[in-house]
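Please read them with the structure open.

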Amino acid sequence: MNEIELLREWDADAPPLSDTARARARFRLQQAMGATAAPVGVSGVGRRPLLRIAVAGVAAAAVTATVVVTQDTGTEPRTRTVSATTVLRGAAAEALRTEKPVAPRDDQFIYTKEVIEETPVSGGPAKTYIDESWNSVDGSKKSYVSELGHKQWVPPFRKGQSTWPPSRWSELKQLPTDPAKLTATLRDMGGRPDYGRPTKADEWPMVQYFLSGLLRNAVLPKGLRSAAFEALASVPGVKVLPGRTEVDGRAAIAIRYVGPSGTPWQGSGRLLLFDAKSYQYLGTRESRKAGGTTYEQWSHLTAQAVVDRVFQRP
């Protein structure tokens, strides 16, 4: 599916979608969420699609599990029972505490540096990719992106084009920072949000998909990242994986989305990882298949900033 063409139906300047049109778009999107998206961009260059959700398998419910964390003394481990709701709300508080408000200009670029480590599941040496990208704030200029070491220029948006998560700062600023309103806005995308209507069971997978994708943005308006974590905490379907998870020698809590029976997300292998003490978001762990080989992939951002031009680093 060409995800840009799908999102064009939800362009902010277009008339509101009818219930039938919105249902049709939701069905198409849900099919795309469960399928392997085809790369877009320059022919021959392997790149994850624009509508790629690295944390797409995450939502929340009050499902508990025992995780092993280290005592403050750093000597003996102890066990603690937490819920996915607790973890995500803790991540929301941590995001609010540590965020540095920014207000990029339309003529600037969002710089990101992402480290991706891959190890063949069947054995073999690990490989590390360091991807640096420069994305136009308003989409009017060429962006330069790197995905798993493949570098390419991405042309400016054509009229009516859009992506999810939004890359235009003007679109991100329109999203509410109230968690309940954010949920309704994403659920009713393409129309006027009905803040008083309860979300239906078959709408939650799409809501968590959009929320998770929003968190993929390296830089967000003040309060929006925290709101997205809080909103995820109200989505049914996530459980904490039991046992100890290591991330660069640190104890981490992993959560995974388990959608309603029969949906494409049942048994998803994507994990969202948080520090076991502070609940700071650490990155994602998932599997990737390429050339008949399955890789375990761990990815995390190491830098993000607003810069004035492509190839400028903070």
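**Notes on packing and charge pairs**

1. Asp188 and Arg187 are both buried (buried is under 20% relative accessible area, exposed over 50%, partly exposed in between, with a 1.4 Å probe and protein chains only). The two form a salt bridge, with the closest N and O atoms 2.8 Å apart (a salt bridge puts a side-chain nitrogen of Lys or Arg within 4 Å of a carboxyl oxygen of Asp or Glu). A network of salt bridges links Arg187, Asp188, Arg197 and Glu203.

2. A word on the basis. This is a predicted model, in which local features need pLDDT of at least 70 and side-chain atom pairs count only at pLDDT 80 or more, while totals for chains, interfaces and linings use all residues. Residues are numbered from 1 along each chain as its sequence is written, and side-chain values use heavy atoms, with hydrogens and water left out.

3. How many salt bridges does a search of the whole structure find? The search gives twelve. One of them joins Arg105 to Asp308, with the closest N and O atoms 3.4 Å apart. This pair links distant parts of the chain, 203 residues apart. Arg105 sits in the loop between H3 and strand E3 (109-120), and Asp308 in the segment after strand E12 (293-307). (Helices are DSSP runs of H or I with at least four residues, strands are runs of E with at least two, and both are numbered from the N terminus.) Arg105 is partly exposed, at 44% relative accessible area. Asp308 is partly exposed as well, at 42%.

4. Arg168 forms a salt bridge with Glu171, and their closest N and O atoms are 3.0 Å apart. Arg168 is buried, with a relative accessible area of 16%.

5. Arg285 lies in strand E11. Its relative accessible area is 19%, so Arg285 counts as buried. The side chains of Arg285 and Glu296 are joined by a polar contact of 2.9 Å (a pair of N or O atoms within 3.5 Å; within protein, one must be able to donate a hydrogen and the other to accept it, and residues adjacent in sequence count only if both atoms are side-chain atoms).

6. Now the nonpolar core (a set of buried Ala, Val, Leu, Ile, Met, Phe, Trp, Tyr and Cys residues joined through side-chain atoms within 4.5 Å). The largest has 45 residues, and Leu182, Leu211, Leu214 and Ile255 touch the most other members. Elements that each supply at least two residues include helix H3 (84-98), helix H5 (179-187), helix H7 (224-232) and strand E9 (250-257). H6 gives the most, with seven residues. Another core, of eight residues, lies apart from it; Leu271, Leu273, Leu282 and Trp298 are among them.

7. Which residues does Leu211 contact, leaving aside neighbours within four places in sequence? They are Leu182, Thr183, Leu186, Ala228, Ala231, Leu232 and Val235 (contact means heavy atoms within 4.5 Å).

8. H7 is mostly covered, with seven of its nine residues buried. Among these are Leu224, Ser226 and Phe229. The cover includes H3, H4, H5, H6, E10 and strand E11 (281-290).

9. H5 and H7 pack at about 80°, their axes 8 Å apart (axes are lines fitted to C-alpha atoms, for helices over the stretch in contact, and angles run from 0 to 180 degrees between N-to-C directions). H5 is therefore roughly perpendicular to H7 (65 to 115 degrees). Pro179, Leu182 and Thr183 in H5 meet Leu224, Ala227, Ala228, Glu230 and Ala231 in H7.

Conventions:
Angles under 35 degrees count as roughly parallel, over 145 as roughly antiparallel, 65 to 115 as roughly perpendicular and the rest as oblique.
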